[in-house]
Amino acid sequence: MTNYLYSALSRKSIETFIDDQLNRGDKISQSLVNAIEASTISVIIFSEGYASSRWCLDELLKILECKREYVQIVIPVFYRVDPSDVRNQTGTFGDSFSKLEERFKENSKKLQSWRNALKEAASLSGFHSHNIRQLNLPESELTEEIVNHILKRLAELFPHNNDRLVGVESRVVAIESLLSAAPLLAIWGIGGIGKTTIARATFDKISSDFEGSCFLENVREESQRLGGLACLRQKLLSNLFRDESMIPDIDLHFKRLSRRKVLVVFDDVTCFNQIESFIGSLECRHAFKQNHPDVGYEELSSKVIQHAQGVPLALKVLGCFLFGWEKKVWESAINKLKQILHPKIHDVLKLSYDDLDVNEKGIFLDVACFFKSDDVYPVMKFLDASGFHLEIGISVLADKSLIDVNPYDRITMHDLLQELGREIVRQESINPGNQSRLWHHEDMYEILTNNTGTKSIEGICLDMSKANEIRLNPNTFVKMHKLRFLKFYNSINGDNRCKVSYLQESPGFAEVRFLHRHGYPLKSLPSNINQKKLVVIEMPHSNIQQFWDGTRQ
């Protein structure tokens with residue numbers, strides 16, 4: 001019974017501890033105590049031999065202690081024993097307890113504590129296998145009944161929040177209806193309209209109804225990375241089979257899946273090839289931190305929703321921006337929105353950007369122009385070396401939903417927010433040479449070859465796979481006194497050609513903190529790069545043998 005119940009709970013993605021996984025001894029171990037204390041629900045399975053085990057009875061004492069102190073839910077299951085026999089230690093259950101009494105007859109205090117615990121637990125509402133047998137039903141029905149009850153209790157304790165934005169629930173209901181009629185469903189539309197929000201809300205609501213489930217995020221982005229499809233495949237199989245060491249034999253495992261009911265969501269898919277190669281034929285609220293506005297804010301909320309144009313991301317960012325502020329701040333924000341004749345989503349999102357201080361704006365623009373989806377640790381080094389107040393700045397941006405760090409320690413940002421940041425930089429000047437950050441290959445060709453850059457430039461990020469051959473003007477970097485970031489890279493795997501001539505001696509390198517140079521042709525770097533200020537250096541597929549005197553790769 002215990003093993004069947006454990007398996008059934010695991011299939012419903014309920015994290016479950018079973019005491020036979022933990023180290024046994026004369027007394028219950030600290031590992032078991034920790035597991036009990038960390039649990040929301042404890043299920044006690046009383047059987048005929050239960051009362052003969054000191055281990056089980058001490059475990060029962062701990063569970064009831066957690067029930068009293070932490071309001072832990074306790075569910076007794078009477079498996080082929082009568083609750084009255086457990087309560088009074090009679091019948092075959094009592095015979096087992098009598099054997100234990102012989103061993104502990106000199107410890108009357110301990111025996112009494114066990115009796116009291118058995119009486120208390122047996123008086124709780126639970127499940128009785130006798131009821132199932134009376135109906136001539138298989139014992140699997142008892143397991144299913146217990147699992148459904150646990151799911152219901154968990155849902156009451158932890159209702160799905162799903163960032164409850166206006167209108168999401170009705171769309172979730174519509175998606176559920178469509179899924180009941182077809183095993184494969186696609187949600188299609190322009191970026192930022194809420195596809196991911198609706199898909200995640202639906203997944204969170206119904207995933208427990210399946211034997212396995214997986215929500216694969218950022219499929220487009222990950223599939224473009226070297227080895228990205230393999231990582232997605234491994235994550236998919238590991239989630240569906242709940243086995244981190246799963247061997248990625250996709251054909252073998254999908255044969256196994258053909259006998260299981262599973263739910264898989266592929267998020268941000270731009271073409272079917274991104275999933276076809278590894279799935280085969282598999283079919284498959286922020287402003288008030290509650291589900292309704294505070295009293296007196298109803299009309300203001302309606303106006304904000306209207307100007308957000310129904311885009312969940314805009315609602316989320318505006319909600320985080322306005323959370324905790326008094327009415328006059330709301331009214332000011334709405335007045336700004338009204339001044340926009342034809343409000344675009346960028347204008348809506350820009351309200352949160354305008355509320356940032358100079359330090360926070362700098363971090364946001366660097367991420368938008370250079371670091372979306374990059375590893376967070378070298379980025380943090382660079383931002384810190386650039387003089388930004390990093391811990392506060394990153395925290396503020398995350399609280400405002402402007403950036404995030406995913407479970408793989410990569411800085412993430414919604415496409416619309418990245419576009420917002422880059423548009424802000426473009427508006428600095430009609431001339432790219434007077435903009436603070438450069439990333440477009442066509443803009444940089446003119447600047448790098450004809451020396452039209454200025455002291456405004458702080459960062460350059462050039463994808464050489466998109467550019468023609470660039471021969472640097474000897475004075476290209478002379479005017480760039482503020483240059484902190486310099487990256488020449490190839491986005492096409494296997495393309496190691498260097499399309500930019502070598503870096504010449506230039507005073508423009510004195511402030512560089514981050515240097516990435518794909519396929520650098522020379523054996524050493526220009527001597528005028530300031531070693532004390534450079535904190536990140538990346539030279540893939542280069543001929544570098546020595547950076548500076550006494551420093552070798």
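Predicted model: local features only at pLDDT ≥ 70, side-chain atom pairs only at ≥ 80, totals over all residues.
The protein comprises 23 helices and 14 strands. Of its 553 residues, 46% are buried, and the protein exposes about 29,200 Å², of which carbon and sulfur atoms supply 50%.

Side chains of opposite charge can pair when their charged atoms come close. A search of the whole structure identifies 22 salt bridges, and Asp-58 takes part in a salt bridge with Arg-54, in which the closest N and O atoms are 3.2 Å apart. Both residues belong to helix 3 (residues 54-70), where, because they are four residues apart, they are separated by about one helical turn. With a relative accessibility of 10%, Asp-58 falls under the 20% limit and therefore counts as buried, whereas Arg-54, with a relative accessible area of 22%, is partly exposed.

Asp-58 also forms a salt bridge with Lys-110, the closest N and O atoms of this pair being 3.3 Å apart. Since Asp-58 lies in helix 3 and Lys-110 in helix 6 (residues 108-122), the pair ties together parts that are 52 residues apart in sequence. Lys-110 is assigned to the partly exposed class, its relative accessibility being 22%.

A further salt bridge joins Arg-220 to Asp-268, with the closest N and O atoms 3.2 Å apart. This pair links distant parts of the chain, given that Arg-220 is located in helix 11 (residues 219-223) and Asp-268 in the loop between strand 5 (262-266) and helix 14 (273-279), at a separation of 48 residues. The relative accessible area of Asp-268 is 28%, and this residue is accordingly partly exposed.

Notes
Residues numbered from 1 in each chain as written. Heavy atoms only, no water. Helix = DSSP H or I, 4+ residues; strand = E, 2+ residues; numbered from the N terminus. Buried < 20%, exposed > 50% of the residue type's maximum accessible area, 1.4 Å probe, protein only. Areas by Shrake-Rupley, 256 points an atom, 1.4 Å probe, with all protein chains shown as cover. Salt bridge = Lys/Arg side-chain N within 4 Å of Asp/Glu carboxyl O.
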